[in-house]
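Here's a quick tour for someone meeting this protein model for the very first time. Take a look at the sequence and the fold, then read on.

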Amino acid sequence: MKINRTFLCLPLCLALFNNCTKEDKPTETPIVETNAPECQTPNESDNTYRTFFKPSIGWVGDPIPFYENGIFHLFYLYDARNTMPTFHPWYKVTTSDFATFTDTSEMIATGISNQQDGALGTGSVFKRNGIYYAFYTGHNGILDPKEKIMLATSTDLKNWTKDSSFLLQASWGYDRNEFRDPIVIENKSTGMYKMLIATRSEVSLVSNSTVPWRAVIAQYSSANLRDWILEKPFYEDATTFITECPDVFTMGDYQYLIYSNIDDRMVHYKYRLLTANTWITPVNTALDGIAFYAGKTVTDGVNRYITGWCPTKNKNSDAAVFDWAGSLVTHRLVQHPNGTLGIAIPNGVDNKFIINRALNSKIDFGTSKQGDAYTLKGNSAEKAFSVFDRETGAFKIKAHIKAISSTQFGFEFGACGTRNEVFAIVFDLAKNQLRLDKVIKNASSLNLTQLPLNVPANKEFDVTIISENSVCVIYINDEIAFTNRIYKMNQNPWAIFADNGEVTFSDLKLFK
């Protein structure tokens with residue numbers, strides 16, 4: 001949920017980097033002149049996103065997914081980016097496969113500027129006895145409390161009526177101004193319902209004594225979805241300000257908690273056996289990087305998916321900080337036998353791109369090719385690379401990578417002209433990192449963001465990249481999703497590369 005536009009951008013200011021919409025002039029003669037196609041200025045004037053959905057006008061904020069009868073109903077906070085005093089009504093888009101979408105526009109309108117729901121926030125949709133209940137956050141910065149939980153109901157998932165008789169505010173001991181993002185879950189064995197709410201508390205979950213304020217997921221119970229009784233907190237976290245957009249679900253023998261950390265701007269998870277009370281923190285708690293936020297999950301009974309948004313940047317500039325809201329991105333969750341989660345591409349998205357386009361490199365250095373296999377051998381003076389021509393619209397890149405002796409390799413976007421400036425997805429085996437770097441020739445690379453990278457013993461990686469305009473998502477070994485917004489990528493050449501050693505990119509193919 002959005003609270004304060006300036007505040008939410010602050011943790012991302014570390015992601016500042018220089019404008020890269022045009023090639024920098026070389027400060028000295030490069031070792032290798034590539035003569036690759038020159039850069040075009042990235043153009044997103046039509047704002048068309050068909051795979052990573054956005055409405056024709058405005059952007060997608062926190063998604064609120066609900067599934068029924070083969071259709072995923074993806075409610076979301078609509079971000080109009082105007083100066084109106086009221087903002088973020090609930091809109092909805094529907095899909096059956098996360099690859100094509102039908103925009104159904106506004107579902108729940110905001111109130112007027114002096115009402116509790118002058119701005120709407122995240123919530124959840126729950127069905128009981130033929131009635132759909134949308135519990136949502138009513139936010140108004142001029143009121144005290146600023147946030148309360150509100151309710152709208154529907155009989156068809158299309159027409160919603162606000163229930164003015166329902167209003168839930170923070171109980172004693174909780175922060176009345178940080179009280180949002182309700183999710184309702186059912187205990188089928190008891191017939192009771194629980195509502196979990198992101199908030200803050202000064203009462204310890206363990207000792208019931210007063211403690212410094214910390215992030216808490218409050219817990220209420222009800223038998224009828226209208227009368228709610230406070231219970232002990234569901235979860236607390238002293239390491240962050242608030243754990244936004246909580247989501248709780250069971251899969252097999254495990255229960256999972258997913259939340260968005262407002263401080264590091266990443267989506268995290270924890271898990272525990274259904275028979276246990278203690279949460280397990282996995283080695284890698286993040287489900288993506290800093291360009292994927294407010295993730296919430298939904299299942300069709302076979303697969304479970306997590307939907308979030310990839311933020312835009314002001315004025316479509318790589319030099320700017322992230323905005324609030326952007327394009328819808330969805331991953332498929334993969335459960336491992338030990339309870340940990342991996343991330344994979346949704347089958348619908350993967351199957352959307354099936355037309356194989358011939359790949360012809362425009363320029364190569366240190367590269368040998370045999371069919372769809374490229375073997376790159378970098379040296380101490382210059383990295384090896386193959387540059388491919390610009391692509392427009394959405395496309396998919398697939399490859400099987402085997403690291404033979406190089407410990408740093410990957411993909412470059414915006415690999416234009418003399419490749420003086422590129423944005424590189426770097427597999428760093430020495431540091432066990434997957435990174436987005438801004439690489440300027442004859443200068444130090446600037447790391448923009450990174451994730452832990454699990455390096456298999458055989459040093460092999462199955463990679464799928466989906467690119468649409470400035471959104472890029474890379475999937476690796478059904479383990480990692482790494483989402484990024486790269487404006488220079490749009491309509492400009494791309495490349496594969498290897499530093500100081502040998503790597504093979506086999507079955508390298510591009511699909512439209």
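## Strands that face each other

Before we get to who stands opposite whom: two strands pair here if DSSP finds at least two bridges between them. Keep in mind throughout that this is a predicted model.

With that in hand, look at strand S22 (residues 367-370) and strand S23 (residues 373-377), which run antiparallel and are joined by four bridges. Gln370 has Ala373 of S23 standing opposite. The hairpin made by S22 and S23 leaves two residues between the strands, and Gly371 there takes a positive phi near 65°. S23 also pairs with strand S34 (residues 502-511), again in the antiparallel sense and over four bridges. Within that pairing, Thr375 has Thr504 in S34 as its bridge partner.

## A three-stranded open sheet

Now hop over to another spot: three strands make up an open sheet, ordered S13-S14-S15 and paired antiparallel. Strand S13 (243-251) and strand S15 (266-273) sit at the edges with a single partner strand each, so one side of each has no neighbour in the sheet. On average, neighbouring strands in this sheet are turned by 20° against each other, direction ignored.

Zoom in on S13 and strand S14 (residues 254-261), and you'll find seven bridges holding an antiparallel pairing. Thr250 stands opposite Gln255 in S14.

Cys39 lies in the loop between helix H1 (5-9) and strand S1 (59-68), while Cys416 is in the loop between strand S26 (408-413) and strand S27 (421-428), so the pair ties together parts that are 377 residues apart in sequence. Cys416 is buried, at a relative accessible area of 0%.

What about Cys310? Its closest cysteine sulfur is in Cys472, 9.2 Å away, which is too far for a bond. Cys310 is buried, with a relative accessible area of 0%, and Cys245 is buried with a relative accessible area of 0% too.

In soluble globular proteins, nonpolar side chains tend to be buried together. In this model, the largest nonpolar core has 111 residues, and Trp90, Trp160, Phe411 and Phe427 are those with the most contacts inside it. Another core, of 19 residues, lies apart from that one, and its members include Phe179, Val184, Val216 and Tyr220.

Some backbone angles deserve a look. Ala325 has a phi near 85°, a positive value in a residue other than glycine. You'll find Ala325 in strand S18 (residues 322-335). Is Ala325 buried or exposed? Ala325 is buried, with a relative accessible area of 0%.

Asn442 is not a glycine either, yet its phi is positive at about 65°. Asn442 sits in the loop between strand S28 (433-440) and strand S29 (446-452), and at 43% relative accessibility it counts as partly exposed. Finally, there's a cis peptide bond from Asp144 to Pro145, with omega near 5°. Pro145 belongs to the loop between strand S6 (131-139) and strand S7 (147-154).

Conventions
Residues are numbered from 1 along each chain as its sequence is written. This is a predicted model: local features need pLDDT of at least 70, side-chain atom pairs count only at pLDDT 80 or more; totals for chains, interfaces and linings use all residues. Side-chain values use heavy atoms; hydrogens and water are left out. Axes are lines fitted to C-alpha atoms, for helices over the stretch in contact, and angles run from 0 to 180 degrees between N-to-C directions. Buried means under 20% relative accessible area, exposed over 50%, partly exposed in between (1.4 Å probe, protein chains only). A nonpolar core is a set of buried Ala, Val, Leu, Ile, Met, Phe, Trp, Tyr and Cys residues joined through side-chain atoms within 4.5 Å. A disulfide is a pair of cysteine sulfur atoms within 2.5 Å.
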